[in-house]
Amino acid sequence: MKLKYRNRIYIALILILVVCIINVLTGMYELTSSDYNVTANQIIWNGARYNRDENEYKRIDNLENIVEIPKDCDVKDIWAVASYYAKDDVECDARLKELEKIYDTEGKKATVENILSQELGNNKKTVMEYLIVDGILISSLREDEKLLNTVIEYCFDRDYGFFGYKRYIDIGNKLYRKNEKLEEIIKAFEILSKYTIDRAIAIPEPKDEDEGAVETGYYHGMIQLFQTFSSMSYFADDLLLERSYPHGDNRKYIVRATIKEDYDIVLSYKKYKSFINLGNISIYGKYKNLNMIVQYTGFGYLDYRDIEENIAFRSIAIRKVYDKLFEIDIMSDHFGLRSTYVLIYDTDMNTIEGFSYGIYPGFILFNETNIDTPEAIRNFNTNFSKGGYFGEFSNELEYDENNPLTLENFGERMDEIWDMNKKTLEVLGKDYNISMEMIVMDLSGEEPLKRKE
Amino acid sequence: MSYTITFYLGIFIIILIFLMERIAFFKDEEFLRAVRETMGKDRISLAKRREKPIKGIIRKSSLRKMKFLSINFKDYHVKDITDLGYFKNVETIILTYMGDDEEDIGTYEEENVLDNLHFVKNFKNLRRVQLYHLKINCDVKSVCPNAKVFID
């Protein structure tokens, strides 16, 4: 054969080999970073987001300038809530009337689109508008997913890159990033959570079981949607590409939401990560096809089936997720919590790409028949303080009377309390015939435990 | 490309490169033509032409089997004999420029054809080198120390 052919073939082969090596190396990088992915780096407690910082959780949101509404205002009726924003404010009032008209004549989708298609403001009117978006989302959650998809579409903007030039050489400039509207939606959910919980604390019990069911349905819908949007902001904020769904409806989505039969919300998207950069220009990157499952809010019992069905049990890191879910299960049981978890996985490789959870207090208003969270926390503090059932052992079990558990700090301290529970069982279990649920029971009528010699 | 596909593709390419190492690539087209048309079991002889020339890939191992090589530059207008380096086990090399009958056709016009003769320096079995009617520019004797050299 002629020599020049050999040289050309060699160059071609070596070029392909170099691309293969780079691809494999970057792939290995992805596989080995899985331990980070099984830690919940952002959680939600009681309507606020907490980010993990070393071994603690720190709250990242602070609600400012929200309008106080009376405790008996029915939060489920978003127009009632909005009317308190429109009171004494001409601009808000006019806008509210306009939106009510659109809602009555054209329906939910038109109202939501009218708000989202406008430029984002920065005042009370904006807050009111996005409260209305969230309220409509919650009320239509069990109807169909079209409204959810409509809202999500407005949450991402095209990333035109530096000077609008082709910034990403290998795929052009068809990339999307989350925008400020997503953050407004999340803020509105936080405000709604606050209103809902303040009301639940104030109202002692539901009128009847049906009302309790309606309240619970709303509460759970709010929890699940808040978790969906905040996880989308945290995990899917990077560059996303459009993806078409040939087995679905053949449309192109940036993030596609589907609601499963068991009421889990599944978000599907295609995430891009750049590996080789030259200044502002990306030369080589990888895509992942990801699914994010947001579990249907539960009374503590968490469904593990999604993990078993979708994750390949390749690494030991999956144990961490199971341990955390077990912890949430037991703590929810004892303290009457409502919980949901988020699992993000790569649909091609079946690896875990992210994990998060949200926990909320339970109240009698939401048909909490066992014990509601404020009461459980009270009992817990009483039992471990001096004079309480476990008072004598409080030093050993590391309970500090001056730093009691409260509804505000429960989310940050849940892991600490869980460790304390396990320690209590370990230290006192055998000799004193203790079971775990006793820590939250009302034991004030009992004689405190005395240390055996 | 997915991780698994690229991994196997990489392995496949390494095997391909490995296989390509065994193929003989010729720098000079006429030398290649000479080999295709006159290569026998262990001789390449200007006197014996094959019925059908060899087609396709020529492996380096089959060239290493050659013990005798002779080329007539009248029939094959070779410009560079670098490809001689493939014949590592050859014992006799005859390079000549002669006409069909006894007439004298002069010296071969390619002046630099023997420039790369140093490739034969490390041939262990080389015993005879015969160069006829070629322009000699270098000291052939020093290039092939162990062989008898005949120059005409």
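**View 1. Ile44(B) faces Leu69(B) of strand β2(B).** In this predicted model, Ile44(B) stands opposite Leu69(B). The two strands here are β1(B) and β2(B), which covers residues 68-72. They pair in the parallel sense. Two bridges join them.

**View 2. Five strands of chain B form an open sheet.** The order is β1-β2-β3-β4-β5, with parallel pairing. Which strands stand at the edges? They are β1 (43-44) and β5 (148-151) of chain B. Each edge strand has a single partner, so one side of each is left without a neighbour in the sheet.

**View 3. The largest cavity has a volume of about 80 Å³.** A search of the whole structure finds three cavities of 30 Å³ or more. Residues of chain A line the largest one, among them Glu68(A), Ile69(A), Pro70(A), Lys71(A), Cys73(A) and Val75(A). The lining also includes Lys194(A), Tyr195(A), Asp198(A) and Arg199(A). How many residues of each class line this cavity? Five are nonpolar, five are charged, and none is polar.

**View 4. The second largest cavity has a volume of about 40 Å³.** Its lining includes Asn149(A), Ile152(A), Glu153(A) and Phe156(A). Tyr253(A), Ile254(A) and Val255(A) line this cavity too. Which helix gives the most to the lining? Helix α7 of chain A, residues 146-153, does, with three residues. By class, the lining has five nonpolar residues, one polar residue and one charged residue.

Definitions and conventions
Residues numbered from 1 in each chain as written. Chains lettered and ligands numbered in written order. Predicted model: local features only at pLDDT ≥ 70, side-chain atom pairs only at ≥ 80, totals over all residues. Heavy atoms only, no water. 1 Å grid on protein atoms, 1.4 Å probe; cavity = no way out; pocket = protein on both sides within 12 Å on 5 of 7 lines; lining within 4 Å. Points joined across faces, edges and corners; volume = space filled by probe spheres on them. Nonpolar A, V, L, I, M, F, W, Y, C, P; charged D, E, K, R; others polar. Helix = DSSP H or I, 4+ residues; strand = E, 2+ residues; numbered from the N terminus. Pairing = 2+ DSSP bridges.
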